[in-house]
Amino acid sequence: MKQSELQQLVQQLSIEAFGKPFRHEARFNARLRTTGGRYKLLDGSIEINPTVLMLYDREELIGIIKHELCHYHLHQEGKGYRHGDDDFKKLLKETGSPRYCKPLGKANSKPKTIHRYVCKSCNLEYRRKRRMDVRKYRCGKCAGEIIPLY
């Protein structure tokens with residue numbers, strides 16, 4: 001799906017579900033990690049996580065867009081647009097919008113790299129998430145030299 005198709009979909013859903021036009025920009029934002037989308041108060045735009053399209057069907061995308069449109073329309077009208085506000089909860093029910101999106105965290109997370117080191121003297125193996133400078137450290141068991149395992 002392209003940006004222009006997303007913009008058209010958001011505008012169409014705004015008219016169908018809310019009976020009001022969406023007059024701002026809708027775009028994909030690949031930097032979103034764990035959230036399906038967000039409404040930006042400052043410029044009135046809606047950002048959608050493109051991972052939603054990869055992991056789930058079009059219905060999940062539509063649900064996320066409708067959720068963000070609830071924030072949008074309530075904010076534009078000066079009503080309670082936050083998750084805890086009664087206006088927001090009421091509009092979610094009226095439009096059939098989901099309160100939460102399905103989990104997205106696993107798809108965007110980086111694979112964990114494990115760095116392995118070994119002591120030259122006693123062969124004790126060290127596993128680390130972060131690389132370490134072997135010149136600065138010695139073995140905790142025998143004080144021997146530590147070398148990286150490749």
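Trainee: Which residue in β6 does Arg 116 stand opposite?

Mentor: Arg 116 stands opposite Leu 149 in β6. Before going on, note that this is a predicted model, where local features need pLDDT of at least 70 and side-chain atom pairs count only at pLDDT 80 or more, while totals for chains, interfaces and linings use all residues. Residues are numbered from 1 along each chain as its sequence is written, and side-chain values use heavy atoms, with hydrogens and water left out.

Trainee: How many bridges join β4 to β6?

Mentor: Strand β4, residues 115–119, is joined to β6 by 4 bridges, and the two run antiparallel. Two strands count as paired if DSSP finds at least two bridges between them.

Trainee: What is the strand order in that sheet?

Mentor: The order is β5-β4-β6, an open sheet of 3 strands with antiparallel pairing. β5 (125–128) and β6 (146–149) are at the edges with a single partner strand each, so one side of each has no neighbour in the sheet. On average, neighbouring strands are turned by 30° against each other, direction ignored. Axes here are lines fitted to C-alpha atoms, for helices over the stretch in contact, and angles run from 0 to 180 degrees between N-to-C directions.

Trainee: What about the sheet with β1 in it, what order does that one have?

Mentor: That open sheet of 3 strands has the order β1-β3-β2, and its pairing is mixed. β1 and β2 (37–39) are the edge strands, each pairing on one side only. The twist from one strand to the next averages 15°. β1 and β3 pair in the parallel sense over 3 bridges, and Arg 27 stands opposite Glu 47 in β3.

Trainee: Which strands does α1 lie across?

Mentor: α1 lies across β1 and β3, at about 135° to β1.

Trainee: Which residues of α1 are buried?

Mentor: Leu 6, Gln 7, Leu 9, Val 10, Leu 13, Ser 14 and Phe 18. Seen down the axis of α1, the buried residues fall within an arc of 165°, so they line one face of the helix; the arc is taken from the directions from the helix axis to the C-beta atoms. On the other side, Gln 8 and Glu 16 are exposed. Buried means under 20% relative accessible area, exposed over 50%, and partly exposed in between, using a 1.4 Å probe and protein chains only.

Trainee: And what do the buried ones pack against?

Mentor: They pack against β1 (26–28), β3 (46–48), α3 (58–76) and α4 (86–95). Contact means heavy atoms within 4.5 Å.

Trainee: Switching topic: how many disulfides are there?

Mentor: The count is 0 disulfides, a disulfide being a pair of cysteine sulfur atoms within 2.5 Å. The sulfur of Cys 142 is 3.5 Å from the closest cysteine sulfur, in Cys 119, which is too far for a bond. Cys 142 is partly exposed, at 35% relative accessibility.

Trainee: Last one. Where is Asn 123 found?

Mentor: Asn 123 is in the loop between β4 and β5. Its phi is positive, about 60°, although Asn 123 is not a glycine. Most residues other than glycine have a negative phi. Asn 123 is exposed, with a relative accessible area of 56%.
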